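User: Could you walk me through reading a few features of this structure?

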Amino acid sequence: MATEHAQRPQPNAGHSRRRFLTAAGGAAGTTVLRPAASAAAATSSRRRVAVLGGGVSGLSVAHELAERGYAVTVYEYYDALGGKARSMDVPGMATDGRRLLPGEHGFRFFPGFYRNLPDTMRRIPFPGNTHGVHGNLRNATEELFARGSGRPDLHFPLRRSTTPPAPGDITVPWLRDQILSVLDVGTRLPAHEVAYFTDRILVHLTSCDARREDQWERVAWWDFIRAGEMSREYQTLLGIGQTRNLVATRAEVASTRTVGRVIIEALILWGLLGRGLDGDADIDRVLNAPTSEAWIDPWEAHLRSLGVDFVTGTQVLEVGYEGGRVTGVRVADRDGGHERVITADHYVSAMPVEHARATWGRTLRAADPQLGRCDALQTDWMTGVMFYLRTPTPVVHGHINCLDSPWSVTAIGQAQFWDVRDFSRDYGDGRAHDCLSAIISEWDKPGILYGKTAKKCTRDEIVAELWAQLKDGLNDTGKTTLRDEDRLGWFMDPAVTGLGGPDPHNREQLLIHPAGTLYHRPSARTRVPNFFLAGDYIRTDVDLATMEGANESARRAVNALLDADRSDAERCRVWELYRPPEMEPLKRIDEVRHRLGLPNTFDLG
């Protein structure tokens, strides 16, 4: 931990709004039992699989394959597993048997529309939990859209609906009324802008799949909602606030297909209506303890019990290719020593795209052109700072979105959800009673203190600037006060280096989704029969850089591997995003109009 006088962290993150928010419906998740490892072993003959990368996608691949009797070895760059999702111990003092303070790359949250990842979590045993580590998830019940400079905040409950509309009640007029009611009551947007945005949502809701992929994938969200012609309030709430603050993608370039389909529909609209959610989940969930304690460490233990081997501190250098197959992978210790070649029957590349593509040589790329197209995929920075506070400061029982912050800051008070922990009793030296985890999504715009971008600031300047932006959004509400004297210390992922210098670097970036990104995303199956891809950059149904996308891609990679092996083992189930049946007739009409070159029925320009 860094304090105000201590060293920086080092390596060891009528229709009413009420009716809309209480309308319900819902498809519950289903747990699928997997074949026991002993039963599947006969079909796989203990064939060996090398998994390159120990993040969420790599661990998901290992889990599915180990359950089917494969001999799996995971190779990971860091000394700990979990990738960007893992917790990190904060260097510093821990007294009286307490654990080191928990740090992270950025807070983890599990939207209710996640279905694939929760299925995996149910199959990771955890003492006292009938449904494994899935039982460590807690619902966030509200969200605060904090405004700066004295503007009134927007405060929304996040409970899923309890009185569902009857089958057939969800019509276009009904949806229009619900969206209008929320935007009219909760914002200060001009009426004509509210009406226009509502109609744009209806256009996307009723667009067929072909139009979404052929047309809306090529259009930036900013242009789709005509933000450039609207008020600053419209741009902030409905453009920037739904893209940069949530998925690190600028609204000016973000794919309309991705924003509309995942954020507007799956996360917000159908989530509030209770459609397509995981079991009894609300639309937003977090863990009840630091990520590694509540999820990653039990996962590693379970995988080891299934026979998975882990080789950490290992850097993948090159995937070897000859004679139509991958012949081995050249790796080295992370410090550059002990270079060697590992071999297996199958290989799954499960590293982030910016690291994976650097390991694909010319001949391998020539064997499958989709590998070369991955060079066009873009990543950006989305990480932040954990502030350790002397006084409990929960702010709100959920996430905070500082809409007016130039660095697109989001945050959450962690300790309030850790109901199996007493923060001051269990962590550090007993002085910290809470941790406020804040994420910076915009690293290339000037801040309010120094007039510099985050990348040009030193770590200390970032901490001061971020704290100032949080106070600007929270301290003028009359309800929350962040006090300088309460700030005990802070932590930032050591993967971010060179800040304040000529060459800042972040080893753990996030895939972003500019218009046209879909066309460059590869499938999990490659043209090389023993080489497969997993990661949140793979083309999946969830179509967003998320832990859910990473898990879904792993399932698709395992299914492709099983096909290549002609295995009789059960294939992984893959859940796709919820498709409301009420919209399907309108989508079929739009499919005909799209083939004829006509606009969507509701698209009035």
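**A surface patch, a helix and a strand**

Analyst: Happy to! I448, L449 and Y450 form a nonpolar patch on the surface, with about 280 Å² of accessible area together. This is a predicted model, where local features need pLDDT of at least 70, side-chain atom pairs count only at pLDDT 80 or more, and totals for chains, interfaces and linings use all residues. Residues are numbered from 1 along each chain as its sequence is written, and side-chain values use heavy atoms, leaving out hydrogens and water.

User: What makes a nonpolar patch?

Analyst: Its residues have over 30% relative accessible area and no salt bridge, and nonpolar side chains (Val, Leu, Ile, Met, Phe, Trp, Tyr) are joined within 5 Å, like charges within 9 Å. A salt bridge puts a side-chain nitrogen of Lys or Arg within 4 Å of a carboxyl oxygen of Asp or Glu. Areas come from the Shrake-Rupley method with a 1.4 Å probe, and for residues only the protein chains shown count as cover.

User: Where is Y450?

Analyst: In the loop between β18 (434-440) and α16. Helices (H or I, at least four residues) and strands (E, at least two) are DSSP runs, numbered from the N terminus. Y450 is partly exposed because its relative accessibility is 38%; buried means under 20%, exposed over 50%, partly exposed in between (1.4 Å probe, protein chains only).

User: How many residues of α16 are buried?

Analyst: Twelve of 16, including W467 and L470.
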